[in-house]
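Subject: Structure handover

Hello,

Here is the structure I promised to pass on. My notes on it follow below.

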Amino acid sequence: MVRMSNIVSFPLPRATFTFAVTHDAESGMWVAVCDDLCVATEAPTYEALVDRVWLVAPEMAMENGLNIPEAHLRLLFQHESMHRAAAL
């Protein structure tokens, strides 16, 4: 006998958070900031920064009361830069 159910389950949506990424030329550090997760962190290389953000983002989501499984987190890294005039 096949049992039918009228319960429909939907997959959890992905939660997307955008990190503004800048490079501080004076200190040589890469900086990532996400106001939605209350995260600001830095690292000496871009790759290390991405690793650092993935380390702290799930924990910060939980600290902010967001019960989002890590598998459903989507992090966007938006690199921001400013033009600097060259000295003549």
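Cysteines to begin with. The disulfide count is 0. Bear in mind that this is a predicted model. A pair would need its sulfur atoms within 2.5 Å to count as a disulfide. Looked at from cysteine 38, the closest cysteine sulfur is in cysteine 34, again 8.3 Å away and too far for a bond.

Are these two cysteines buried or exposed? Cysteine 34 is buried, at 1% relative accessibility. Cysteine 38 is exposed, with a relative accessible area of 54%. Cysteine 38 sits in the loop between E2 and E3. Its backbone deserves a look too: phi of cysteine 38 is positive, near 55°, in a residue other than glycine. As background, most residues other than glycine have a negative phi.

Now the overall layout. The protein chain has 1 helix and 4 strands. Along the sequence the pattern runs β-β-β-α-β. The chain has 88 residues, and 24% of them are buried. Among contacts with a separation of 6 or more, 42% join residues 24 or more positions apart. The accessible surface is about 7,000 Å², and carbon and sulfur atoms hold 55% of that.

Next, the helix. H1 covers residues 46-63, which is 18 residues. From first C-alpha to last it reaches 25 Å, close to the 26 Å expected at 1.5 Å a residue. Where does H1 kink? The kink is at alanine 57, shortly before proline 58, and comes to about 30°. After H1 comes glycine 65, with a positive phi near 80°.

The buried residues of H1 are Leu49, Val50, Val53, Val56, Ala57, Pro58 and Ala61. Residues three or four places apart in an α-helix point the same way, because there are 3.6 residues a turn. What do the buried residues of H1 pack against? They meet four strands: E1 (15-24), E2 (29-34), E3 (39-43) and E4 (73-79).

Proline 58 gets its own paragraph. This proline lies within helix H1. Its relative accessible area is 15%, so proline 58 counts as buried. Leaving out residues up to four places away in sequence, proline 58 touches Val53, Glu70 and Leu73. Proline 58 and glutamate 70 are 12 residues apart in sequence, yet their C-alpha atoms are 5.9 Å apart.

Last, the core. The largest nonpolar core has 18 residues. Phe17, Phe19 and Leu37 have the most contacts inside it. E1, E2, E3, H1 and E4 each give two or more residues to this core. Which element gives the largest share? H1 does, with 5 residues.

Leucine 37 is worth checking by eye. Not counting residues up to four places away in sequence, leucine 37 touches Phe17, Phe19, Ala57, Met60, Ala61, Asn64 and Leu66.

Best wishes

Definitions and conventions
Residues are numbered from 1 along each chain as its sequence is written. This is a predicted model: local features need pLDDT of at least 70, side-chain atom pairs count only at pLDDT 80 or more; totals for chains, interfaces and linings use all residues. Side-chain values use heavy atoms; hydrogens and water are left out. Buried means under 20% relative accessible area, exposed over 50%, partly exposed in between (1.4 Å probe, protein chains only). Contact means heavy atoms within 4.5 Å. Accessible areas come from the Shrake-Rupley method with a 1.4 Å probe; for residues, only the protein chains shown count as cover. The expected span of a helix is 1.5 Å times one less than its number of residues. The bend at a residue is the angle between axes fitted to the seven residues ending there and the seven starting there. A nonpolar core is a set of buried Ala, Val, Leu, Ile, Met, Phe, Trp, Tyr and Cys residues joined through side-chain atoms within 4.5 Å.
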